[in-house]
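I opened my notebook and went through this chain piece by piece. Here is what I looked up, in the order I wrote it down.

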Amino acid sequence: MPPRDNGHEEPVIRDNRKIDPETGQVRESAPAEEAPEAPAGYGNGELEAQLAERTADLQRLQAEYVNYRRRVERDRAAVREQAVAGALTELLPVLDDIGRARDHGELTGGFAKVAESLESALTKLGLSAFGQKGEPFDPTVHEALMHSYSPDVSEPTAVEVLQPGYRMGDRVLRPARVAVAEPEDAPAASDDDEN
């Protein structure tokens with residue numbers, strides 16, 4: 001290209017239109033574009049290596065970002081679960097009071113409707129009560145407040161539920177407080193083992 005008067009090269013204009021503007025006819029083929037030349041000092045192998053390196057870097061960054069998003073979503077879910085569990089734990093004494101009022105026949109009128117609404121809302125949040133009379137004693141979900149022996153049981157059993165337990169999903173918020181009875185032959189067996 002010839003340099004201009006100011007020392008700069010003139011710009012190159014390529015017409016890539018498929019229709020010739022002068023004749024209005026469709027061109028047979030678009031003018032061939034020149035392949036860009038490699039920068040001085042770089043061979044094709046070096047450019048391909050740099051391209052592969054940059055591609056690997058981008059893939060690594062994308063994988064890190066995906067992992068970050070998953071971790072943030074998991075942390076958000078854990079924080080939400082902890083917040084709900086904390087709020088539900090604070091409401092357990094209220095549920096105990098409602099249960100005692102129901103047992104004594106004092107849960108009537110508008111108070112009964114409020115209690116039902118509260119219990120329904122807490123159930124929607126995932127709260128469920130557990131601990132039934134006659135269940136086998138499980139120290140992971142039961143807290144034994146009283147102990148006795150009985151011929152009516154064949155294994156340690158919750159014979160009375162003093163306070164129901166509550167869980168949210170698999171998480172125990174409060175163990176069921178129970179009276180436990182064991183079979184009567186258990187103390188005799190332990191006495192024989194000592195002699």
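**Entry 1: a term, and an arginine**

I needed one term before starting: a polar contact is a pair of N or O atoms within 3.5 Å, and within protein one of them must be able to donate a hydrogen and the other to accept it. I also noted that I am reading a predicted model.

With that term ready, I went to R174. A polar atom of the R174 side chain lies 2.8 Å from the backbone oxygen of P164. I found R174 in strand β5, which covers residues 171-174. Is R174 buried or exposed? I wrote down "buried", because the relative accessibility of R174 is 9% and the cut-off for buried is under 20%.

Next I listed what R174 touches, leaving aside neighbours within four places in sequence. The contacts of R174 are L92, D96, F130, Q163, P164, G165 and Y166.

**Entry 2: stepping back to the whole chain**

I then looked at the overall plan. How many helices and strands does the protein chain have? I noted three helices and six strands. Along the sequence they come in the pattern α-α-β-β-β-β-β-β-α.

The chain has 195 residues, and 17% of them are buried. I put its accessible surface at about 15000 Å², with 51% of that belonging to carbon and sulfur atoms.

I also checked contacts between residues at least 6 apart in sequence. Of these, 56% join residues at least 24 apart.

I reminded myself of a general point first: in soluble globular proteins, nonpolar side chains tend to be buried together.

Domain 1 (46-125) and domain 2 (128-186) each put in at least three residues.

I picked L95, which lies in helix α1. L95 counts as buried because its relative accessible area is 7%, and the limit for buried is 20%. Beyond four places in sequence, L95 is in contact with L118, E119, L122, L127 and Y166.

Then I followed the chain to L122. In sequence, L95 and L122 are 27 residues apart, while their C-alpha atoms are 9.8 Å apart in space. Past its neighbours up to four places away, L122 touches L88, L91, L95 and L127.

Strand β2 runs over residues 142-150, and E143 is in it. Not counting residues up to four places away in sequence, E143 touches P175, A176, R177 and V178. I also looked up L162: it is 19 residues from E143 in sequence, and the two C-alpha atoms are 9.9 Å apart.

S150 is in strand β2 as well. Is S150 buried or exposed? S150 is buried, with a relative accessible area of 13%. The S150 side chain reaches the backbone nitrogen of D152 at 3.1 Å. Setting aside neighbours within four places, S150 is in contact with A181, E182, P183 and E184.

**Entry 3: an aspartate in a loop**

D138 sits in the loop between β1 (127-130) and β2. D138 counts as partly exposed, at 30% relative accessibility. The side chains of D138 and T140 are joined by a polar contact of 2.8 Å. D138 is also 19 residues from T157 in sequence, with 8.6 Å between their C-alpha atoms.

Last, I looked at the confidence scores. The chain averages a pLDDT of 84, and 83% of the residues score at least 70. Over residues 186-195, pLDDT stays under 50, and the model has one contact beyond four places in sequence for them.

Methods
Residues numbered from 1 in each chain as written. Predicted model: local features only at pLDDT ≥ 70, side-chain atom pairs only at ≥ 80, totals over all residues. Heavy atoms only, no water. Helix = DSSP H or I, 4+ residues; strand = E, 2+ residues; numbered from the N terminus. Contact = heavy atoms within 4.5 Å. Buried < 20%, exposed > 50% of the residue type's maximum accessible area, 1.4 Å probe, protein only. Areas by Shrake-Rupley, 256 points an atom, 1.4 Å probe, with all protein chains shown as cover. Domains from an automatic or database assignment. pLDDT = per-residue confidence, 0-100.
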